[in-house]
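Student: I have a model on screen and would like to learn to read it. Where do we begin?
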Amino acid sequence: MASNEDSIRLEVTRYRPDGDSEPQLQEYDVPLRREWTVLDGLNHVKDEVDTTLSFRWSCRMGICGSCGMNVDGEPKLTCATFLSDYAPGPIRVEPLSNFPIIRDLVVDIDDFMQKLPKVSPWIIRDDDVTEIDGEYLQTPEELDAYKQFSMCINCMLCYAACPVYGLDPEFMGPAAIALAERYDLDSRDHGARERLDVLIEHEGVWGCTFVGECTTVCPKHVDPAGAIQRYKLKAAKENVKAFVLPRFLQ
Ligand code: SF4
Ligand code: FES
């Protein structure tokens, strides 16, 4: 039997690049406590059984976005995923899919970090307003327009769930596009055209086949799939405009 009443078995990916030719699973039995998350189980292993186990975490509150892993094949924040939901186990804990493994459960997200600045995820102004001219005020309605898209914690669960990113790493991917939409919807921003020029390219929004898994797995309800569809609409309108309007009217 994989586990007894008071414990649950974790099947954890181990990969040490200096010695292993490929990742392997290692089993650990951890206490099955009602309030314990998968991250608590991993920390138990690290503290009590094997100090060499490597994984990322920080806040333990679903805020920092660093503890994402595949739990029984699904991308999850391990600090918000309870062991008891998987009883009697075993529970398979693996690194997020679609990223190279650095070590054990730690993945390399450099690809995302390089793509993110391409969509200019900051406020762009087309005037020269300075701090001395005062603040940019917003109404609650203007804040609501982009708030959902501003909740992203860069946890990368959406990239791990995205079959298109898995097949085509050039695809900009869900979170970067959702962040572009977040700034487009901000009443203080004038950078929508600039972002659209990037996302209208083949590797921008067009690769998405609207599987929708990114939105399903997002722990912050950001709805990246919705952002991608909105961008497709904007890009399609641009293409129509370019086709029917003379250049000086575009
Ligand atoms: S969009 Fe959601 S799943 Fe994707 S990185 Fe942001 S918070 Fe994580
Ligand atoms: S440890 Fe910060 S989100 Fe899980």
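Tutor: We begin with a definition. Buried means under 20% relative accessible area, exposed means over 50%, and partly exposed lies in between. Keep in mind that this is a predicted model.

Student: Which residues of helix H7 are buried?

Tutor: Helix H7 covers residues 192-199, and its buried residues are Arg 195, Leu 196 and Leu 199.

Student: Why do the buried residues of H7 line one face of the helix?

Tutor: Look down the axis of H7. The buried residues fall within an arc of 100°, so they line one face.

Student: Now a helix pair. How is one described?

Tutor: Two packed helices are described by the angle between their axes and by the distance between the axes. Take helix H6, residues 174-184, with H7. Their axes come within 9 Å and cross at roughly 160°. An angle over 145 degrees counts as roughly antiparallel, so H6 is roughly antiparallel to H7.

Student: Is the crossing of H6 and H7 left-handed or right-handed?

Tutor: The H6 and H7 crossing is left-handed.

Student: Which residues make the contact?

Tutor: From H6, Ile 177, Ala 180, Tyr 183 and Asp 184 take part. From H7, the contact uses Ala 192, Arg 195 and Leu 199. Sorted by class, the contact of H6 with H7 has 5 nonpolar residues, 2 charged and no polar ones. Arg 195 and Leu 199 were also named among the buried residues of H7.

Student: Let us stay on H6. Is Ala 178 buried or exposed?

Tutor: Ala 178, a residue of helix H6, has a relative accessible area of 1%, so Ala 178 is buried.

Student: Which residues does Ala 178 contact, leaving aside neighbours within four places in sequence?

Tutor: Ala 178 is then in contact with Phe 149, Val 222, Pro 224 and Ala 227. Ala 178 and Val 119 are 59 residues apart along the chain, and their C-alpha atoms are separated by 9.9 Å.

Student: What should I look for in the backbone?

Tutor: Start with omega, the peptide bond angle. Ala 87 and Pro 88 are joined by a cis peptide bond, with omega about 5°. The bond from Gly 89 to Pro 90 is cis as well, with omega near 0°.

Student: Where are Pro 88 and Pro 90?

Tutor: Pro 88 sits in the loop between strand S4, residues 74-77, and strand S5, residues 91-94. Pro 90 is found in the loop between S4 and S5 too.

Student: And phi?

Tutor: Look for a positive value in a residue other than glycine. Asp 72 is one such case, with phi near 45°. Asp 72 lies in the loop between strand S3, residues 68-71, and S4. With a relative accessible area of 40%, Asp 72 is partly exposed.

Student: What is phi of Asp 223?

Tutor: Phi of Asp 223 is near 65°, again positive in a residue other than glycine. Asp 223 is in the loop between helix H9, residues 213-217, and helix H10, residues 224-244. At 24% relative accessibility, Asp 223 counts as partly exposed.

Methods. Residues are numbered from 1 along each chain as its sequence is written. Chains are lettered from A and ligands numbered from 1 in the order in which they are written. This is a predicted model: local features need pLDDT of at least 70, side-chain atom pairs count only at pLDDT 80 or more; totals for chains, interfaces and linings use all residues. Side-chain values use heavy atoms; hydrogens and water are left out. Buried means under 20% relative accessible area, exposed over 50%, partly exposed in between (1.4 Å probe, protein chains only). Helices (H or I, at least four residues) and strands (E, at least two) are DSSP runs, numbered from the N terminus. The arc is that of the directions from the helix axis to the C-beta atoms. Axes are lines fitted to C-alpha atoms, for helices over the stretch in contact, and angles run from 0 to 180 degrees between N-to-C directions. Angles under 35 degrees count as roughly parallel, over 145 as roughly antiparallel, 65 to 115 as roughly perpendicular and the rest as oblique. A crossing is left-handed if the near helix is turned anticlockwise from the far one by less than a right angle, and right-handed if clockwise. Contact means heavy atoms within 4.5 Å. Ala, Val, Leu, Ile, Met, Phe, Trp, Tyr, Cys and Pro count as nonpolar, Asp, Glu, Lys and Arg as charged, and the others, Gly among them, as polar.
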